[in-house]
Structure formats: C-alpha cells, structure tokens
Amino acid sequence: MLRTIGLIIDFPFKWTAVGLILIYRYSLSAFMGRTCRHAPSCSEFTMDAIKRYGFWSGGWMGAGRVYRCRPGGSDGFDPVPEKLPSNGRWYAPWRFGRWK
C-alpha cells in the first residue's frame, strides 16, 4: 500500500524531469555540441536513472554524474548501476550518487 502511494506521488515528478531532459537534449545541447566525457552522456544517464529508480534517487545519481563531468573528474563508460546502493536512504540522498 505504501509503495503504491509512493509510485503515484513519484509519477508526475519523474515524467516532468524526463520531459525537461528531452527538451534540453534536443534544444540547448544541440547548439553546444556533444562534449560529454562519459558514455552514455550525462543527460542520457540521468534520464535512465530517473526512469529506473524514480525522481528522488535517480535525480541524485544524475547530479553525482554531472558533478563528475568537470575538469579533473572521471571519464569513460559509466552506466546506470544495476541496483541502488545499499547505504542509500531517502533522508540521505547524496549516498545515491557517486561523487568521485
């Protein structure tokens, strides 16, 4: 019952975020060019993470990924994890993202 309520609450946030990412990918990103250091790109990673794990945890995974896409950050192949981190909690959302 509680999980169903959570899914109902998450639904509009999830698809609003996915819609905004799609707008970014086909408008602003098209003008800036493909310069992402990772595969898949940061926007694709974030969209996949949000679709798979929901707005809250997937959004924090995406924020960690965008943070790593800076000078001195990581690069290369970096897919969305198969499962959520075991130490990730809703009240400690920074644990969902990889920051190094």
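Reader: What makes Lys14 and Asp10 a salt bridge?

Author: In this predicted model, the closest N and O atoms of Lys14 and Asp10 are 4.0 Å apart. A salt bridge asks for a side-chain nitrogen of Lys or Arg within 4 Å of a carboxyl oxygen of Asp or Glu, and the pair is counted as one. The structure holds 4 salt bridges.

Reader: Where do Lys14 and Asp10 lie in helix α1, and how far apart are they?

Author: Both belong to helix α1, which covers residues 2–26, and because they are 4 residues apart they are separated by about one helical turn. An α-helix has 3.6 residues a turn, so residues three or four places apart point the same way.

Reader: How do you know whether Lys14 is buried or exposed?

Author: The word buried is kept for residues under 20% relative accessible area. Lys14 has 16% relative accessibility, so it counts as buried, and Asp10, also at 16%, counts as buried too.

Reader: Which side chain does Arg65 meet in a salt bridge?

Author: Arg65 meets Asp78, with 3.8 Å from N to O. Arg65 lies in helix α4 whereas Asp78 lies in the segment after β2 (76–77), so the pair ties together parts that are 13 residues apart in sequence.

Reader: What makes the side chains of Arg68 and Asp78 a salt bridge?

Author: The distance from N to O is 2.1 Å for Arg68 and Asp78, and the limit is 4 Å. This pair links distant parts of the chain, with Arg68 in helix α4 and Asp78 in the segment after β2, 10 residues apart. Through shared partners, salt bridges join Arg65, Arg68, Asp78 and Arg98 into one network.

Reader: Why are the buried residues of α4 said to line one face of the helix?

Author: The buried residues in α4 are Ser57, Gly58, Met61, Gly62, Gly64, Arg65 and Arg68. Seen down the axis of α4, these buried residues fall within an arc of 160°, so they line one face of the helix. As for its length, α4 has 14 residues and reaches 20 Å from its first C-alpha to its last, close to the 20 Å expected at 1.5 Å a residue.

Reader: How many aromatic pairs are there, and why is the pair of Trp56 and Trp60 called edge-to-face?

Author: With ring centres required to lie within 6.5 Å, the count comes to 3 aromatic pairs. The ring centres of Trp56 and Trp60 are 6.2 Å apart and their planes stand at 70°, so the pair is edge-to-face, the name used for planes over 60 degrees apart. The two residues are 4 residues apart in helix α4 (residues 55–68), and therefore about one helical turn separates them.

Reader: What lies over the face of Tyr67?

Author: Arg70 does, at 4.5 Å from the ring centre of Tyr67, where the limit on distance is 6 Å.

Reader: What can be said of Cys36, and where does it lie?

Author: Cys36 lies in the loop between α2 (28–32) and β1, and at 31% relative accessibility it counts as partly exposed. Cys36 and Gly76 are 40 residues apart in sequence and 9.6 Å apart in space, C-alpha to C-alpha.

Reader: Is the peptide bond from Ala39 to Pro40 cis or trans?

Author: The peptide bond from Ala39 to Pro40 is cis, with omega near -5°. Pro40 itself lies in the loop between β1 (38–39) and α3 (42–53). Most peptide bonds are trans.

Note on methods: Residues are numbered from 1 along each chain as its sequence is written. This is a predicted model: local features need pLDDT of at least 70, side-chain atom pairs count only at pLDDT 80 or more; totals for chains, interfaces and linings use all residues. Side-chain values use heavy atoms; hydrogens and water are left out. Rings of Phe, Tyr and Trp (its six-membered ring) pair if their centres lie within 6.5 Å; planes under 30 degrees apart count as stacked, over 60 as edge-to-face and the rest as tilted. A charge sits over a ring if NZ of Lys or CZ of Arg is within 6 Å of the ring centre and within 35 degrees of the ring normal. Buried means under 20% relative accessible area, exposed over 50%, partly exposed in between (1.4 Å probe, protein chains only). The expected span of a helix is 1.5 Å times one less than its number of residues. The arc is that of the directions from the helix axis to the C-beta atoms.
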